[in-house]
Amino acid sequence: MKILLSIFLIIILGIFIYEEYFLTKRYEFKIDNYQINVKADECETCYLDWTINNYIKISDLTNKTKTTIEFYTEGPRLEFGLNADKTELIINCPGFDTKIVDLTNLKEIEFVDYNEMQSKISDFEIMVTINRKKELFELEHPQPPSIKWE
């Protein structure tokens, strides 16, 4: 009985390790004074339109504070950038969903009106992208956020 229980626990542990370390894609980069870590859950098995749960940890390097934002996307493509004042961070999955984070208190800004959020997107410049091939790129020249799903 103990042998069966041990085998069962090893199998469960093996499944957990496989899912956490082989099926999950991780990215790490800095924008201005902020360290950003992205954990794209089960991204290694995804295609362009599969759902991915992204856990985005934003750390303020000057104030030593951090927050984690969960961001559900369709496909692996993500864009990250700041507004001109460097007080807000945009996390954009082009053509699917966008989150804006107030960097002064590390809280997600909630929008009641979709049009209000869409008009605010043009205030940002994208500095880092994760493309469809799941590769991280820090852009040499900031670009406007994309609104088209590709």
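A salt bridge here is a side-chain nitrogen of Lys or Arg within 4 Å of a carboxyl oxygen of Asp or Glu. Side chains of opposite charge can pair when their charged atoms come close. Searching the whole structure turns up four salt bridges. The model is a predicted one, so local features need pLDDT of at least 70 and side-chain atom pairs count only at pLDDT 80 or more, while totals for chains, interfaces and linings use all residues. Residues are numbered from 1 along each chain as its sequence is written, and side-chain values use heavy atoms, with hydrogens and water left out.

One of the salt bridges joins the side chains of D32 and K86, at 3.7 Å from N to O. D32 sits in the loop between strand 1 (25–31) and strand 2 (34–41), and K86 in the loop between strand 5 (78–83) and strand 6 (88–93), so the pair ties together parts that are 54 residues apart in sequence. Strands (E, at least two residues) are DSSP runs, numbered from the N terminus. As for accessibility, buried means under 20% relative accessible area, exposed over 50%, and partly exposed in between (1.4 Å probe, protein chains only). D32 comes out as partly exposed, at 39%, and K86 is partly exposed too, at 42%.

Another salt bridge links R77 and E79, whose closest N and O atoms are 3.3 Å apart. R77 is buried at 17% relative accessible area, and E79 is buried at 0%. Then there is the pairing of E108 with K99, with 3.2 Å between the closest N and O atoms. Here E108 is partly exposed, at 30%, whereas K99 is buried, at 16%.

Now for the nonpolar side of things. A nonpolar core is a set of buried Ala, Val, Leu, Ile, Met, Phe, Trp, Tyr and Cys residues joined through side-chain atoms within 4.5 Å. The largest such core has 23 residues, and I58, F80 and L89 have the most contacts inside it. Strand 1, strand 2, strand 3 (51–60), strand 4 (65–74), strand 5, strand 6 and strand 9 (124–130) each give two or more residues to this core. Strand 2 supplies the largest share, with four residues.

F80 shows what such a position looks like up close. Contact means heavy atoms within 4.5 Å. Leaving aside neighbours within four places in sequence, the contacts of F80 include F29, I31, I36, V38 and I56, along with I90, I91, E125 and I126. A second, separate core has five residues, among them I90, I121, F124 and I126.
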